[in-house]
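Please open the structure in your viewer and keep the selection tool at hand.

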Amino acid sequence: MASTEIIHAHAAPQGFIRKYIFSLDHKVIGLQYYFLALIAVFVGMGLSLLMRIHLIWPNANLPIFGAIKPETYLMFLTMHGTIMVFFVLTTAPQGGFGNYFLPIQIGAPDMAFPTLNMLSFWTTFVAFVVLVAAFFVGAPLHGWTGYAPLSAVPSAGPGEGLGADLWITSIAIFCAASLMGALNFITTVLDMRAKGMTMMRMPLTCWAWFITAILGLLAFGVLLAAGILLLMDRNLGTSFFVPGGLNFTGQTSFPTGGFSSSTDLIKHNGGSPLLWQHLFWFFGHPEVYIAILPGMGVASQLLSTFSRKPIFGYRAMVYAMLGIGILGFVVWGHHMFMSGMSPYTAFAFSIMTMAIGVPSAIKTFNWLGTLYQGRVRFHTPMLFAIGFVSLFVSGGLSGPFLAQPVLDIPLHDTYFVVGHFHLIMGVAAIFGIFAATYYWFPKMFGRMMSEGLGRWHFFLTLLGTYAIFMPMHYLGLAGQTRRYSEFTQVAYQTKLIPLQTFITYAAIVTISAQFIFLFNLFWSMAKGKKATDNPWEATTLEWTTATPPPHDNFGGRTPVVSHGPYEYSVPGAPRDFVMQNDPATTPAH
Amino acid sequence: MGLALLALIWLITFVSTYFFVAKTWWFPVGASASAAWIDHQFAVTFILMGIVFVAAQGALGLFVWQYRDRGATQPVHYSHGNAKLEIIWTVLTAVLFIGLNLMGSRVWATERFDPPEVGAVPVEATGLQFAWYFRYPGPDGKYGRTKAELEDASAGGESAVGLDPSDAASKDDIVSGTMYIPVNREVDLALRAQDVIHSLFIPSMRFKQDAVPGLIIHMHFKPIQTGDYEIACAELCGLGHYKMHGMLKVVSQEEFDKWLASKEAEKQ
């Protein structure tokens, strides 16, 4: 619990560089993370557009890019996944909004370790630069999961040389940055809460960021270790992931580095390709929740605020998130049912995976319970929160198919999986980011975003993403394998090209609609309607301070909290919302 | 706005469900002994998840419209939730998910825990960038030795899998780019990969298994319908992943014997 002696450790900086570049202010750092993610998401989206075009017109001669070769497609695919997972879905919800709003929502003047905070952002930035550098030397083609030996042997394909080294290095740097951030978030929540801000009075967003940070602390360390081992396999002749006797004579069409002589074996012995998968997914599955938990927090916050009703089952929501966090560490093997792992362990992983559906279902019930008998206001942030719930349901319900090893036999590595994870950890998480952007924009920039443009953006994006990702489930049932650069070579797959074509058109429309958002964002920063301190009539502490908040967040004042986070429509209260720092005498729970 | 949302969410729900129910795009007809069980388990899961999907999306659309803000006079039910309801839906979901899981586990166990039947046809499948090769041990019933340093993909056939001719057991081994299997007999499959991970995917057999370098993975399945079935690679294996396909020909026992004999004759 914070004591009153805590003072803002650093004075407001004056120079441009200290203020906006190497800033210690969590709000500036939050925005830096956000804009890094914004650049990353447009790069990642551009890559997906190129991929969608190539899938349908594999021989098209595109401006700038020319004809995309199969290996180039796989490079785009690798970079799309890596950029989106690490630099968008991990960066924006946690590094961006978490950094900006966690301290304010718990009534703290800053994060616990401002210098570490700055360091973690700039380390993330370096990781991004290193990843982008891979583009210029030929990015790897092994996908974002980087399965060994494909990722471990430079002669396994184009881009598996220096490009793969840069890719792994980037991820390792990103892990280090995330570990710093995670430590900071955890300490801040435990030590920096204002008087009266008990754990069970924290907004669910703070709970989500807190649990996400714990997941990050436990997961990124493992990926960091795995990445270092992979780099050693590649460059120092160790054999963690590469077994003996590999022979790459199959790469005859690959002129630069393929082993031409059949006696030229890869010099390794005793490594295990499955070890990489275990280590990767030990990180990889919690990562899914790292991406989605902050979105769950935002959806909870917004559904309550805009339904003018307390969140249904606050405690259940907290326990559900904790349950998801814990179970999230014992389900990784469901990515490996077809990997050659013991079929007996599949049993255990399958049961655990089904179990993790339970807290996810509780959250959905509680969101619906929050809307029920509320008074729903349709501001743009709320539209995206509702969209989040819809996408979470759609993406979540394909989970119990994939969690059953026996159904994974036909579905694993097909478009069914692509549709599943894009809906839930891609689009639902992105809807969380959109909802958070529209919701907190007034606080961050002092102006409102355009509601009209926001609505267009919402309706086109919701419809568009469903049009892209729902048909992928059908493709998966029909056996369409993922990570194919074209569908011209396998007869039954060519029959599915018309549906793939539809998806490409839907992607073009949906991607175009994102420019409405981009325009709205920048136009509103300059020309948006001036925002009041609490435009949504919300209850949490960020709405009690100035817009935008001063350097120390509360202008020298230390908030004292007397109420829970979601006291809306309290009978007998003067307004339909009771703010967390309203006097204790205000009637509320 | 509430009505627009309701319409959109219900429309998405209807269209999504329609194409599942209409089976416009669906699994190929199952042609193996386990296909019926797998398809049954899929159908049960699909019906249950479909009900939850329609109910949840339906309620979401309905609630946002029904409880839209109609001005300050609209009553709001001040409530922090309901512990009894939480317990009910936690238990219901747990029973649903775990029950579904146990059901499916039985099928998985017969698929993967039991050894192949006595008299199963031994076949070895080898994945390499970017082709599948299938090896039959010949009359001696023994696979000959293979050596990594002898592998030469560009030469194809026996050289591609690195068959060592100095081993006596190699003399009668048959290596084919097409997989021949007699109908109604189980296949005792040994999966190998010699460079990166590949995955042998035969949609009509409801069969998929990764082939991992350094491991020999034993699997079995039983085709129950003659015909030609396509094989694809399901694990990203490099630039030619998309064209790493093969063919499974399920034929009568006589045809299979004839084919094997002709391959043996070719070899002598």
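Select H7(A) and H8(A), whose crossing is left-handed (the near helix is turned anticlockwise from the far one by less than a right angle; helices are DSSP runs of H or I with at least four residues, strands runs of E with at least two, numbered from the N terminus). Helix H7 covers residues 204-235 of chain A and helix H8 residues 273-307 of chain A, and their axes come within 8 Å and cross at roughly 160° (axes are lines fitted to C-alpha atoms, for helices over the stretch in contact, and angles run from 0 to 180 degrees between N-to-C directions). That makes H7(A) roughly antiparallel to H8(A), a term for angles over 145 degrees.

This is a predicted model, in which local features need pLDDT of at least 70 and side-chain atom pairs count only at pLDDT 80 or more, while totals for chains, interfaces and linings use all residues. Residues are numbered from 1 along each chain as its sequence is written, and chains are lettered from A and ligands numbered from 1 in the order in which they are written.

Now move to chain B, where five strands form an open, mixed sheet in the order S3-S2-S1-S5-S8 (two strands pair if DSSP finds at least two bridges between them). Strand S3 (174-176) and strand S8 (217-221) of chain B stand at the edges with a single partner strand each, so one side of each is left without a neighbour in the sheet. From one strand to the next, the twist averages 25°.

Next, select strand S5 (residues 187-193) of chain B, which pairs with S8(B) in the antiparallel sense over five bridges. Which residue in S8(B) is the bridge partner of Asp188(B)? Select His220(B) to see that partner.

Note on methods: Parallel < 35°, antiparallel > 145°, perpendicular 65-115°, else oblique.
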